[in-house]
Amino acid sequence: MADIAHKVHVALGERAYDILIGDRLIDEAGAILAERFPGRRFGIITDENVAKAQLPRLIASMDAAGLGHSEIVLPPGESTKGWPGLQAAVEGILAARLERGDLVIALGGGVIGDLAGFAAAIARRGMDFVQMPTSLLAQVDSSVGGKTGINSPHGKNLIGAFHQPRLVLADLSTLDTLAPRQFASGYAEVVKYGLIDDEDFFFWLEEKREEIFAGGPARGEAIARCCAHKARVVIEDEKELGVRALLNLGHTFGHALEKDTGYSDRLLHGEGVSIGMVLAHGFSARLGLAPSQDAGRIAAHLKNAGLPTILGDIEGGLGSTETLMAAIAQDKKVSRGALTFILTRGIGKAFIEKGVAPEAVSAFLDEMRR
């Protein structure tokens, strides 16, 4: 049987689902899926890199359970998360003759999870799907909560839908295949949960970071705590009309940096979030809201984890402040043209601030660029 170390329940009424966290869950996925979704066929959406590392395990498991399946393999990278990638995913679902009652499996990191979830939301006017996140970032963040979508030339994640998965299988063994840079990128999202409203978790991460990176028991515990945190927020505010916006701490700056670097390997998503969280705390300190030493403490922790923390860490440089501000103006939290930021009064004390003056943000970015 599967080695399920942690189970988190997302209580959303008829759309409730479980997050199962454990070692080698992909090898047991066929039995789990057959028990929970009898008589279904499955369309597995993944990318070329994950297909090499993990797809044979999943196929063997599903074959052993007698489950019908088709595979849709897309190019890797953030550039796939756009209209062409979405079209390839949806057309692959239709070409496989998957019916509305069948399921889509998102096997991969955040790009595949977001893309496959959106494809499931619109194919045949809505199909169920299962998240099988294979990166740390996806296991603690993007696979949970039902936010699916793609990027636009105008900005990141501007096209999509809220579509909750039916099940999340987070296989800890997949993390052993990640490059150090990819694992560190996901770790930024882990730290985020402590900085939002759980300073004790941040202090725990300061003690356990090395064990988490080494693959000790603290790794599974950290993932479970992040998922439980996100589940609580999603249950309270599924459609991001209020408190769920706190989960975007560091993302307003981070998304602008990702757009400026062309959604390329120059800056991974978690790296943008890392810089963005330091900027959010620094900007809060500049406004007299937070202790200035908190930004330094956070930056030191992220830097020790191998993450960039300042704009100068981005190779190849950045465009103008005006370009960054134009990207910030397209942020999903903008309302009637007014900027909304997730600011903080210190570690674990984030809050939503509406009507932030663009001139103050622009002046702060100018200074940070220098």
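**A walk around the largest cavity**

Helix H10 gives the largest share of the lining of the largest cavity, contributing four residues. Keep in mind as you look around that this is a predicted model.

Let's step back to the cavities as a group. The count comes to three cavities of 30 Å³ or more, and the largest has a volume of about 100 Å³. Its lining is made up of 13 residues, and those closest to the centre are Lys156, His255, Ala327, Gln330 and Asp331. Two elements give two or more residues to this lining: strand E8, which covers 155-162, and helix H10, which covers 251-260.

Another residue with a positive phi can be found in a loop. Arg124 sits between helix H5 (110-122) and strand E6 (128-133), and its phi is near 50°, again a positive value in a residue other than glycine. With a relative accessible area of 38%, Arg124 is partly exposed, because that class lies between the 20% limit for buried and the 50% limit for exposed.

Technical notes: Residues are numbered from 1 along each chain as its sequence is written. This is a predicted model: local features need pLDDT of at least 70, side-chain atom pairs count only at pLDDT 80 or more; totals for chains, interfaces and linings use all residues. Side-chain values use heavy atoms; hydrogens and water are left out. On a 1 Å grid over the protein atoms alone, a cavity is a set of points where a 1.4 Å probe fits but cannot get out, and a pocket is an open set with protein on both sides within 12 Å along at least five of seven lines; lining residues have an atom within 4 Å of a point. Grid points are joined across faces, edges and corners, and a volume is the space filled by probe spheres set on the points. Buried means under 20% relative accessible area, exposed over 50%, partly exposed in between (1.4 Å probe, protein chains only).
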